[in-house]
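Subject: Structure handover

Dear colleague,

Here is the structure for your files.

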Amino acid sequence: MQVNETIIRDVVAQVLAEVGPAPMVAPSSTGRSHGVFTDVDEAVAAAREAFQQLCERPREDREKIIAHVRRISIDQSVELGTMEMNETKIGRLEHKIDKLKTLGEKTPGIEFMRSEVFSGDHGLAVIEHAPFGVIGAITPVTHSLPTITGNAVSMIAAGNAVVVNPHPSGKLVAAEGVRRFNEAIYNDIGIDNLISLLAEPTLETAQGIFSHRDVALICVTGGPAVGRAALRSGKRAVVAGPGNPPVVVDETADLDRAARCIIQGGAYDNNLLCIAEKEVFVVASVFDQMMDAMQRAGAVQLNDQQIQQLTSQAIVQVGEGDDRHDAAGKELLGQDASRLAEAAGVNVPNETQLLFGETPHTHPFVSVEQMMPFIPFVRCRDVDQAIEWAREYEHGFRHTSIIHSNNVQNMTRMGRALDTTIFVKNGPCMAGLGLGGEGYLSFSIAGPTGEGVTTPLTFTRERRCSLIDDLCILGR
Ligand code: NAD
């Protein structure tokens with residue numbers, strides 16, 4: 001997610017000047033719906049047929065299919081990213097574009113497929129990774145088409161087809177992307193509907209997918225409710241659930257580097273990433289220096305009264321009875337820092353990426369997954385208290401945590417205490433997905449069900465093929 005924002009802004013301005021806002025769901029030139037359905041049974045049947053056709057094809061065809069999904073995500077990222085921004089109205093345009101490009105380029109594909117072998121006195125056993133068939137996928141509003149791109153590449157690399165129930169607030173760009181993917185695949189190799197989608201997604205269509213007998217596996221990416229629903233479905237579910245990633249900064253950290261990293265990760269797409277820095281626990285001996293470092297790096301500090309004013313508009317109460325709790329309000333979710341500042345009663349330059357300020361650890365901005373570019377900083381007695389509060393406010397999601405430190409013992413203690421799927425040390429959150437760090441990328445990070453950063457192998461079943469007594473050629 002290294003993005004040259006000036007170039008992208010220029011390109012976007014040029015595209016918008018030439019073509020105006022991107023059209024929603026353009027008609028197909030072939031007269032086919034190319035994966036876009038209004039009925040669950042039809043969508044699943046079409047995906048099932050596509051899966052059966054794919055089973056008859058060589059792996060080379062999977063490569064061709066994935067190449068089309070990647071190419072469209074990358075080459076059409078400006079147009080599709082603009083569409084996603086216009087429709088969802090959350091996040092930042094340059095990052096909507098960047099996410100499509102990044103998912104297109106870096107999602108694990110066929111190169112992640114492998115087989116294992118056991119050879120010995122009794123012959124040979126080969127373990128191969130086979131497709132499940134049709135996978136039901138639920139995608140979030142925070143990255144509607146990027147999640148579909150990533151899921152499609154990894155699921156098809158493993159030989160599956162997929163039926164998507166997108167978030168209703170990102171359904172148009174999801175349908176348009178899916179239509180473009182299928183049209184290109186169909187024109188090239190003659191298989192249609194490998195990626196099918198419900199054009200009018202509802203909780204009922206999601207349930208219809210969950211309970212459909214021809215859906216073999218479920219993969220949901222979203223908050224707590226959809227994770228619970230998927231696990232109640234009676235099918236195997238890969239659950240990429242919510243996070244509230246804490247950051248610890250100890251007295252050995254490079255504070256300027258920590259500040260740059262927190263801004264890079266926390267401000268990206270206005271804090272919509274599930275891995276994004278959401279609250280920072282700083283040891284008292286360097287707290288004031290850390291606040292200065294944040295300002296030097298370009299973030300704008302709010303005072304107590306401004307934070308209070310922002311909170312009254314940004315955090316709402318939801319749920320009933322015992323379930324009543326704080327949540328991020330829709331009005332400011334994913335909005336620019338300048339809009340949040342306005343709500344706080346301050347004027348900041350439009351290009352401001354991130355707001356921050358000191359709060360107690362009990363503040364709602366600490367406990368809520370805010371998904372907006374204001375980050376609370378909490379003063380902690382020492383690193384033990386910082387790690388303990390980080391553990392408490394991660395809420396046991398076991399999603400992502402981050403430390404800035406040069407003390408390996410503190411790193412080790414935090415890693416053990418938080419037990420998260422992704423643990424980043426001395427980098428922005430995205431470095432944990434291989435963007436500026438090592439490793440690979442996915443936007444479906446399955447913490448609750450344990451698959452971790454998903455790959456094509458996540459969407460496979462193991463099959464074993466044994467030959468008894470022969471073909472171990474090493475001699476006795
Ligand atoms: P959301 O939970 O509101 O919606 C996610 C999807 O689930 C949507 O398609 C929605 O329509 C559907 N849904 C919600 N409740 C459902 C139910 N009871 N039954 C069936 N479907 C249901 O989340 P969102 O606002 O779209 O996305 C943000 C959330 O997703 C955050 O909590 C974020 O942390 C999480 N997220 C996680 C990952 C990950 O990889 N772990 C990636 C992206 C986003």
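A polar contact here is a pair of N or O atoms within 3.5 Å; within protein, one must be able to donate a hydrogen and the other to accept it, and residues adjacent in sequence count only if both atoms are side-chain atoms. The model is predicted, so local features need pLDDT of at least 70 and side-chain atom pairs count only at pLDDT 80 or more, while totals for chains, interfaces and linings use all residues. Residues are numbered from 1 along each chain as its sequence is written, and side-chain values use heavy atoms, with hydrogens and water left out.

Ligand site

In the side chain of Glu369, an N or O atom is 2.5 Å from an oxygen atom of the ligand. His399 places a polar side-chain atom 3.1 Å from a ligand nitrogen atom, and a backbone N or O atom of Phe443 is 3.2 Å from a ligand oxygen atom. On its own the ligand has 840 Å² of accessible area (Shrake-Rupley method, 1.4 Å probe), of which the protein covers 86%. Two elements give two or more residues to the shell around the ligand, α8 (203–211) and α9 (224–231); helices are DSSP runs of H or I with at least four residues, strands runs of E with at least two, numbered from the N terminus. The most comes from α9, with three residues.

The ligand is surrounded by 28 residues (a heavy atom within 4 Å), and Thr139, Gly223, Gly241, Glu369 and Ile445 are the closest. By class, the shell has 15 nonpolar residues, twelve polar and one charged. Nonpolar means Ala, Val, Leu, Ile, Met, Phe, Trp, Tyr, Cys and Pro; charged means Asp, Glu, Lys and Arg; the others, Gly among them, count as polar.

Second largest pocket

A pocket is an open set of points on a 1 Å grid over the protein atoms alone, where a 1.4 Å probe fits, with protein on both sides within 12 Å along at least five of seven lines; lining residues have an atom within 4 Å of a point. The second largest pocket holds about 260 Å³ of space. Its lining has 14 residues, and Arg62, His129, Ala130, Pro131 and Arg463 are the closest to its centre. Seven of the lining residues are charged, five nonpolar and two polar.

Two residues

The Asn165 side chain reaches the backbone oxygen of Thr202 at 3.3 Å. Ala43, in helix α2, is buried at 0%.

Regards

Terms used. Grid points are joined across faces, edges and corners, and a volume is the space filled by probe spheres set on the points. Buried means under 20% relative accessible area, exposed over 50%, partly exposed in between (1.4 Å probe, protein chains only).
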